[in-house]
Amino acid sequence: MIIEREIISRKQFLCRKGSHPLDAVLILLSGSFWVRMDGQEFVAEAGDIVVFLKDKEFVREIIEPISCIYLQLDHPPQKTSGKLCCREHERIKQSCDYLYQELCFQNRHEVVEHFLRDIFFVQERNTEKSVADDMLMQCYSYLCKHYAEVISLDTLAKIACVSKQTLIAKFRKEFHKTPMALLSEIRIQNSKTMLSETSLSIGEIALLCGFENLYYFSNAFKKSTGFSPSAFRKRINL
């Protein structure tokens, strides 16, 4: 996924007008810049994440000297160029901080990719164009707040005031997955954070993330990530 990764500082962009040969992500650590591309014009400031899609024309100018994480990718993390919008600012900031620390000290490719994927996972599920439907927003918020609890389709259908079949159809259309698949994804993402940041046992994490037992958690985690929970923790904490 990632072809090039580095932390850079600039008083001026080397390329102020043109396009990138590959898809690129710029995570602004400090400073600010103005950019026009894909029919939009905006200012990016510290904490913002900007996507430059391959061959998309842009014009940009640094307002204040910038420091940023620059990542060049072999395929786009999203379909449009521009600044990412996300409601979960703290979660995004946390992943960006870990990404920065990894680039500064270890710079392990698979760990850098993990945190980048996490950034876009959170952004994708929070895109302002998504969750436009109030019913879906209520269900999604419920999943995020109560993922550690036992949640059934019946519970979500009651929250949404629709049948289970209608609920599944709407989730498939909006999120491209069923409510239970999205719940599992949210649980896995939260378990990754706990594995990375705490010394809790894998069994404790399984229960805190809403999995019935350690066996079910281990199977779901390996199916999602390709690693067992213990192997994932070892790779992150090398």
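This is a predicted model: local features need pLDDT of at least 70, side-chain atom pairs count only at pLDDT 80 or more; totals for chains, interfaces and linings use all residues.
How do the residues of the lining of the second largest pocket divide into nonpolar, polar and charged?

Residues are numbered from 1 along each chain as its sequence is written, and side-chain values use heavy atoms, with hydrogens and water left out.

Let us start with the whole chain. It holds nine helices and seven strands, where helices (H or I, at least four residues) and strands (E, at least two) are DSSP runs numbered from the N terminus. The radius of gyration is 19 Å, close to the 18 Å that the globule rule gives for 238 residues, so the chain is as compact as a globular protein of that length. Here the radius is taken over C-alpha atoms, and the rule is 2.2 Å times the number of residues to the power 0.38. Along its principal axes, the C-alpha trace spans about 55 × 45 × 25 Å.

Now for the pocket. On a 1 Å grid over the protein atoms alone, a pocket is an open set of points with protein on both sides within 12 Å along at least five of seven lines, a cavity is a set where a 1.4 Å probe fits but cannot get out, and lining residues have an atom within 4 Å of a point. Grid points are joined across faces, edges and corners, and a volume is the space filled by probe spheres set on the points. The second largest pocket has about 350 Å³ of space and is lined by 18 residues, with Gly-47, Asp-48, Ile-49, Ile-92 and Lys-93 nearest its centre. As for the opening question, the lining divides into eleven nonpolar, three polar and four charged residues. In this scheme Ala, Val, Leu, Ile, Met, Phe, Trp, Tyr, Cys and Pro count as nonpolar, Asp, Glu, Lys and Arg as charged, and the others, Gly among them, as polar.

There is also one cavity of 30 Å³ or more, and the largest cavity has about 80 Å³ of space. Its lining includes Arg-91, Tyr-98, His-114, Asp-118 and Lys-192. Helices α1, α2 (109-126) and α6 (179-197) each give two or more residues to that lining, and α6 gives the most, with five. By class, the cavity lining has two nonpolar, six polar and four charged residues.

Next, look at how two helices pack. Helix α3 (residues 134-146) and helix α5 (residues 164-175) meet at an angle of about 85°, with their axes 11 Å apart. That makes α3 roughly perpendicular to α5, a label for angles of 65 to 115 degrees. Axes are lines fitted to C-alpha atoms, for helices over the stretch in contact, and angles run from 0 to 180 degrees between N-to-C directions. The contact has eight nonpolar, no polar and two charged residues.

Finally, two single residues. Arg-172 sits in helix α5 and touches Lys-177 and Thr-178, not counting residues up to four places away in sequence. Ile-202 lies in helix α7 (residues 202-208), and its C-alpha is 8.9 Å from that of Phe-217, 15 residues apart in sequence.

Conventions: Angles under 35 degrees count as roughly parallel, over 145 as roughly antiparallel, 65 to 115 as roughly perpendicular and the rest as oblique. Contact means heavy atoms within 4.5 Å.
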